[in-house]
Amino acid sequence: MRIRFVGCGDAFASGGRFNTCIHVADESGAFLLDCGATALVGMQRIGIDTNAIGAILLTHFHADHFGGMPFFLLHAQLIARRTQPLLIAGPLGLPDWLARAMALAFPGERTLPFPLTLHEMQIGKTETIAGRRVSAFHVAHDDRAGPCLAYRIESGGKVLCYSGDTEWTDALVEAARAADLFICECYTFDKPRKKHMALSVLSRHLPRIGARRVILTHLSDDMLAHLGEVDLDCASDGMAVEI
Ligand SMILES: [Zn+2]
Ligand SMILES: [Zn+2]
């Protein structure tokens, strides 16, 4: 799997970073993990072929993870002239939230020139999504718009886990256990807070998880100010990793 951080920022553009969007290429093609508001900007900047993206896995419906969907779809229709099928998977409520986002961003009837499938993930189940084994885990973030998810993805004998946004929850132990790469949101350096991860908390639990590699993402100004004291890898926009 080749992983590219299109955007690794939070909702507040801390450090001038783009919103969350992670591009993954594997033997089945390519998919996105989250599609934050700036996802299309980030992908254009580093030259990602959006028509080669066969699936988008959304962790939750906050705009820094989901707000790029209207731009992606409009671009697919009008500029990329996509004909390939697209699968969008996400939490329960995905069809309604996507319709609302489209109506807000680009109102009007729209006929997409490609087959679009929306799939609501079942928590605790492992399903085949666009050729990969994908398990969804319920994490502890903000369920007002639907259950927030972490994903464990198995492809080509490798395991990738992405936490989505969450404070510490034991669901992450199962989601990321012995993963080849665990991409974990890490919002604050020391002080635990609701809905997001603190490095001080995550560090205590990482031995239970046993991931081969950990990359921190979704860093706030507080984390960015402490980068020199962090001994785990931290994502940056455009960063590429292979597992
Ligand atoms: Zn976020
Ligand atoms: Zn969020």
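Me: Where is Ser200 placed in this predicted model?
Reply: Ser200 sits in helix H6, and the model is a predicted one.

Me: Why does Ser200 count as partly exposed?
Reply: Its relative accessibility is 24%. Buried means under 20% and exposed means over 50%, so Ser200, at 24%, counts as partly exposed.

Me: Which residues does Ser200 touch, leaving aside those up to four places away in sequence?
Reply: Ser200 touches Phe189, Asp190 and Pro192. Contact here means heavy atoms within 4.5 Å. Thr128 is 72 residues from Ser200 in sequence, and their C-alpha atoms are 35 Å apart in space.

Me: What does helix H6 lie across?
Reply: Helix H6 (residues 199-209) lies across E11 and strand E12 (214-217). The helix runs at about 160° to E11.

Me: What makes E11 largely enclosed by the rest of the structure?
Reply: 5 of the 5 residues of E11 are buried, so the strand is largely enclosed. Both faces are covered: Leu181, Ile183 and Glu185 are buried on one side, and Phe182 and Cys184 on the other. In a regular strand the side chains alternate between the two faces of the sheet.

Me: How do you know that E10 and E11 pair?
Reply: Strands pair if there are at least two bridges between them. Strand E10 (residues 158-162) and strand E11 (residues 181-185) have 3 bridges, in the parallel sense, so they count as paired. Leu160 has Leu181 as its bridge partner in E11, and Tyr162 stands opposite Ile183 in E11.

Me: What is the order of the strands in the open sheet, and why do E7 and E13 stand at the edges?
Reply: The order of the 7 strands is E7-E8-E9-E10-E11-E12-E13, with mixed pairing. Strand E7 (126-129) and strand E13 (233-234) each have a single partner strand, so one side of each is left without a neighbour in the sheet.

Me: Which residues coordinate the zinc ion (ligand 1)?
Reply: Asp64 (OD), His65 (NE2), Asp165 (OD) and His218 (NE2) coordinate the zinc ion (ligand 1), at 2.1 Å. Asp165 also coordinates the zinc ion (ligand 2), and the two ions are 3.5 Å apart.

Me: Why is the site of the zinc ion (ligand 1) called irregular?
Reply: The angles among its 4 donor atoms are 85 to 161°. Four donors count as tetrahedral if all angles lie between 85 and 135 degrees.

Me: What makes His65 and His218 a tie between parts of the chain?
Reply: His65 lies in helix H2 (residues 63-66) and His218 in the loop between E12 and helix H7 (221-225), so the pair ties together parts that are 153 residues apart in sequence. Both His65 and His218 are buried.

Me: How do you know that the chain agrees with a compact globule?
Reply: With 243 residues, a compact globule would have a radius of gyration near 18 Å, and the chain has 17 Å, which agrees. The C-alpha atoms fill a box of roughly 50 × 35 × 35 Å along the principal axes. Of the 243 residues, 56% count as buried.

Technical notes:
Residues are numbered from 1 along each chain as its sequence is written. Chains are lettered from A and ligands numbered from 1 in the order in which they are written. This is a predicted model: local features need pLDDT of at least 70, side-chain atom pairs count only at pLDDT 80 or more; totals for chains, interfaces and linings use all residues. Side-chain values use heavy atoms; hydrogens and water are left out. Helices (H or I, at least four residues) and strands (E, at least two) are DSSP runs, numbered from the N terminus. Axes are lines fitted to C-alpha atoms, for helices over the stretch in contact, and angles run from 0 to 180 degrees between N-to-C directions. Donors are N, O and S atoms within 2.8 Å of the metal (3.2 Å for Na, K and Ca); water is not among the atoms, so sites may look incomplete. Four donors count as tetrahedral if all angles lie between 85 and 135 degrees; four count as square planar and six as octahedral if opposite donors are over 155 degrees apart and all others between 65 and 115; anything else is irregular. Buried means under 20% relative accessible area, exposed over 50%, partly exposed in between (1.4 Å probe, protein chains only). The radius of gyration is taken over C-alpha atoms; the globule rule is 2.2 Å times the number of residues to the power 0.38.
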